[in-house]
Every structure is written in structure tokens, then in C-alpha cells.
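Please report on the residue packing, cavities and domain layout of this protein. Keep the account plain and give each cut-off where its term comes in.

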Amino acid sequence: RNVRMNTGMSDVVAGCVMPYIKDSKDRDAVSLVCRRWYELDALTREHVTIALCYTTTPERLRRRFRQLKSLKLKGKPRAAMFNLIPEDWGGFVTPWVEEIAESFKSLKALHFRRMIVRDSDLELLARSRGRELQSLKLDKCSGFSTDGLVHIARFCRDLRTLFLEESLIIEKEDEWGEWLHELATNNTVLETLNFYMTDLGRIRFEDLELIARNCPSLTTVKISDCEILDLLGFFRHATALEEFCGGSFNDQPENDQSEKYSVVSLPRKICLLGLTMLGKNEMPIVFPLAAALKKLDLLYALLDTEDHCTLIQKCPNLEVLETRNVIGDRGLEVLARSCKRLKRLRIERGADEQGMEDEDGVVSQRGLMALAQGCLELEYLAVYVSDITNASLEYIGTHSKNLNDFRLVLLDREETITDLPLDNGVRALLRGCQKLRRFALYLRPGGLTDLGLSYVGRYSQNVRWMLLGYVGESDAGLLEFSKGCLSLQKLEMRGCCFSEGALAVAVMQLTALRYLWVQGYRGSSTGRDLLAMTRPYWNIELIPPRRVNVLDPNGEAVVVEHPAHILAYYSLAGPRTDFPNTVIPLDPESLINA
């Protein structure tokens, strides 16, 4: 009676309506209405995303959502993708897999991202949930080998999606693609197979062909390096294929052999494409499909600026483009004229490291202004620029009204930047792009003053995730920034000039904040000033400065100094217990008593 009186809705009606509420934030709001709606949410919620595996426990998840059909779980901080986090930091899937094996009988889809996965985890998962599991994504994970994949391929015969992209997988030398052969032999319903950007090279192309023959619904295949000429049979049988990435053109033809790859014919339904090592001579392979392409991945192609222009103008229906800054301003101008439906553009750094630098192969304010004027449907823009002006950012704020995710990195390639600081441009962009939910700005000292940082806080009312690098001048700028950002839940900062005390005060003023990662700040010997940010359910971890061996662009080993990190996050589970030696938990009691 209380439920009906308070909400005007019976249990029967609420039970019918609840399954149609899919958005997690709407679900969270519904669950707070009353106890009964909390229970109905728990009974009917099908998907949960846990943004950091240490914010709760498997047991808590099981107690609340026993009927889950889909779970996404993230481990290491995002900075791990850039080798900034120690490999042994944590993020083990083992306790989660054990609970899944025991309790989650309805689970059909599982997505682990940046986590440590063991072969034993995969074996347990395969043996316990193999019959029900339809989707397994091991996304940028590490710790497992092809032995673990054999168990998945052997027991998960109803698997529609197997995703391994960018995972560090140990390939056993005494086998030659046994995992892929098991998959080809046992599976007839596979729709997505992705081992793109992995070191899985010991595979038989006959197994890919067998998968194409046995799985008529196969629509997405992304693979590691594999000579494209060996895939002719696969392409012939994969008649439903809509997305293909990977392969390679290992036998680069001489002038008198330019027709060597002319025998390659891609499936007619392909509309999402990325060919590794694609060069000028191989571009004609793409031309027959170009008009139908919606996504084009050129991150690992060997194309110069002119080649980009030639290919892009043949793709009028392109919605997603991923490439490197060798596209240049001229390529962006062609993109703006030719691809009016473009929604997502990602431009990575890379041309100079790949030995393909030319005077056209830089992205600056010129290209951004053309892009903003020409591609009005743009929703996502991530770009490395060599030069930038306030006016170009103002153009984006004026024209890119659908932008919800903006990320800009200013390279250190040019000694002099045309127009710094960028205070007014950033203000205009944030004021104009009201749909922004994710915002990243990585500059250089002098790129954004304290006033500019205050603008970021004031005009980012709807932004939930933010990355800031080398911005502001003093603690005062950070404190002004933290008076705004009313919706900010995750904040990442690098190259900061801020003190521990200012960081602590800022955290307390950012009332929606749930996660903080900082690398490079004015630290103290004890971390005592960070005590000001301690509060219930708030874990604080420190990673001291360390020296790391990395490879430079020439492949030479060099030693790099990594500044200290702070990681702080809300957790219902309390402090974690699997700290490696490289991570120091901040213990308020010990600091107070010191």
C-alpha cells in the first residue's frame, strides 16, 4: 500500500516498466525512490559496469544483482594504457571469476578491461559458464596465454563474441594456433572475432577460412598481422562480413609487380575497414568499397598526406576515421569537404616516429577550423596538434554543437606556438559545446593560466570525465577550478604545479568526484597534507617516483623518470589487500601519530 500511495504505481505495473529502463543513471535514480523499487531494480537489472574493480566486492554484487546477464569490469587506471602504471599494480579477475562461476547463473556477457587474467581463471570460467556464455571480451588484459584461450574455445560453444584486442597474450611455442583451431572446429554461431593488436602470430589461415565457412553470421573480424594474400579463401567465404581490420602487406611489390595484390577482393558488405601496412600501391583494393565505408582505420597504414586526400575524398559516407597526424591540415580540409556525416575523428601522434614526416603532415589550427565548419555532426574529436590558436577553439565552440567528447594534445614538436595562453578559446569551446561529457586538454607550461583553469571549472557543468595536463600556474587556479565542475566524477591530471594541500582542498570542493589520478605534483616527504581529503569510503594510494626502462622511437632502451602518483577513489569495499611493493596505501592514523 505504501508503494502505491507514494508512487501511484502498483508492483505489477512497476515490474512491467522496469525492464525498459536501460540507462544506468536512470536505474540508479529509480532504485532510490523507495525500498520496493530498489528491490525491483535488483531483480530486473541485466547489465552492470564497475568502473574500478576495487570500489566494491564480488559478494556485494552477488547480493544485489543475482540475475545479471552482462557485466563489465575495469581494473588498472586508464594511465596503464600509456605505461604509466606499474604492471603489478593489481586488478586481478580471480575473485570475480570465482563468484561468477558460483553464483551468476544467468550471465551471458563478460567484459574485463585492463585486468590481470590467469589461464586458471579462463578454465574455471569456461567449465562453469561455458554453455551460457555468449560474449567474452578481454580488453587490454594481460597474464594469460593461448592455453587459457583453448579452454574458452573448447567449452564455450555458443560464443558469439570473442574480443582480445590489445591484450598481452603469451603464445606457447609448442603449439600452432590450437586455440583458433578449437574455435573453428567447435563454433558455428560466432559473429565477432577480434585479436587485433596482439602478438598472436602463430595461426593457420585455414582456420580463419573454416570459421568463415562454419559461421554464417560472422560480421566482424579483426586480426593480428597475417599476409593478406593468405586470406583470399577467408574473404571468399565470409559473405556476411561487415568489418575487417588487420592483415598485412608483407610482400611490398616493386614497380614491375604492382599488380601482385590486385587479386585481393574484399567482401562486398564491408563498411568498416582497417588494413595494416596499407601503402599507396595497395589503395586500389579499397576503392571499390570506398563509397559504402562508414569507418576507416588508417592508424597503421603507410600513407602520406597526399594518399590520405586521395582515399578520403572517395568516402562520402564516412562516419568514423582513425589515423595519424600525417593526415595534415590538407587532409582535414579534404575530410571537411567530402565527409559531411563524420561523427568520430581520432588523430594520433605517429608520423614523425614512423619516418614519414613531411611538411604537410602536421595538424594545426588551420585543419581544425576547416573541420569545425565542414563536419557539423561531429560528436567525438581526439587530436594531436603541432600548433593551435584561440580562434580555432572558438570555431569548434561555434560550429560543433553535437560534440560530447573532446580531447586535444599539444605536441612539443614546435618551439613556438602561435597563440598562447588558450584561455579565451577554451572558454568559448566549453560555452559553445553544451553536450560535452568528456574533456581532455594536454598542453605545455603557459598553455592555460589560472584564469583559464577557472573557466574550465565554470563552464564544464555537464562534464563527467576530465584529463588536464600542464595547465594552470598556481594552487589558486586549481582552487577556482574546483568551485565548478558540478558533474565531474573522474579527474586525471599530469604535469601539475599544484601542492598536496591544494589537491586535497580541491577534492573536497568537487562534490561529485569519485575518482582522482594525479602524476607529477609538488609532493611532500610524508604525504601529510593529503590528510585533508580523507573521508569515509575514500581510498588513497601513492606510487613514489620511480625509474622505468622504455624504448625510444628508434627502439633503443632508455631510462625515464616517472614522477609520483596519487590515486584516490570511493570504495564500499574498504582498502584493498593486494598492494604490490610499488604502491603505498595512505594510512591516516599512522600519519597523525607520526
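## Residue S460

S460 sits in the loop that runs between α17 (450-458) and β18 (465-469); helices (H or I, at least four residues) and strands (E, at least two) are DSSP runs, numbered from the N terminus. The model is predicted: local features need pLDDT of at least 70, side-chain atom pairs count only at pLDDT 80 or more, and totals for chains, interfaces and linings use all residues. Residues are numbered from 1 along each chain as its sequence is written, and side-chain values use heavy atoms, with hydrogens and water left out.

With a relative accessible area of 1%, S460 is buried (buried means under 20% relative accessible area, exposed over 50%, partly exposed in between, with a 1.4 Å probe and protein chains only). Leaving aside residues up to four places away in sequence, S460 touches L430, M466 and C485; contact means heavy atoms within 4.5 Å. A29 lies 431 residues from S460 along the chain, and 22 Å separate their C-alpha atoms.

## Cavities

There are two cavities of 30 Å³ or more. A cavity is a set of points, on a 1 Å grid over the protein atoms alone, where a 1.4 Å probe fits but cannot get out; lining residues have an atom within 4 Å of a point. Grid points are joined across faces, edges and corners, and a volume is the space filled by probe spheres set on the points.

The largest cavity has a volume of about 50 Å³. S460 is one of its lining residues, together with L430, C433, Q434, L436, Y459, Q461, N462 and V463.

## Nonpolar cores

A nonpolar core is a set of buried Ala, Val, Leu, Ile, Met, Phe, Trp, Tyr and Cys residues joined through side-chain atoms within 4.5 Å. The largest one has 168 residues, and W179, F234, F244, F439 and F481 have the most contacts inside it. Helix α19 (residues 500-509) supplies the largest share of this core, five residues. A second, separate core of five residues includes M18, V30, C34 and L40.

Beyond four places in sequence, the contacts of F439 include F406, V426, V456 and W465.

## Helix α7

In helix α7 (residues 119-129), the buried residues are D121, L122, L125, A126 and R129. Seen down the axis of α7, they fall within an arc of 130°, so they line one face of the helix; the arc is that of the directions from the helix axis to the C-beta atoms. They pack against α6 (94-103), β3 (109-113), β4 (135-139), β5 (142-145) and α8 (146-155).

## Domains

The protein is divided into domain 1 (117-250), domain 2 (278-436) and domain 3 (447-530), with bounds from an automatic or database domain assignment. Taken over C-alpha atoms, the centres of domain 1 and domain 3 are separated by 42 Å.

Key
1 Å grid on protein atoms, 1.4 Å probe; cavity = no way out; pocket = protein on both sides within 12 Å on 5 of 7 lines; lining within 4 Å.
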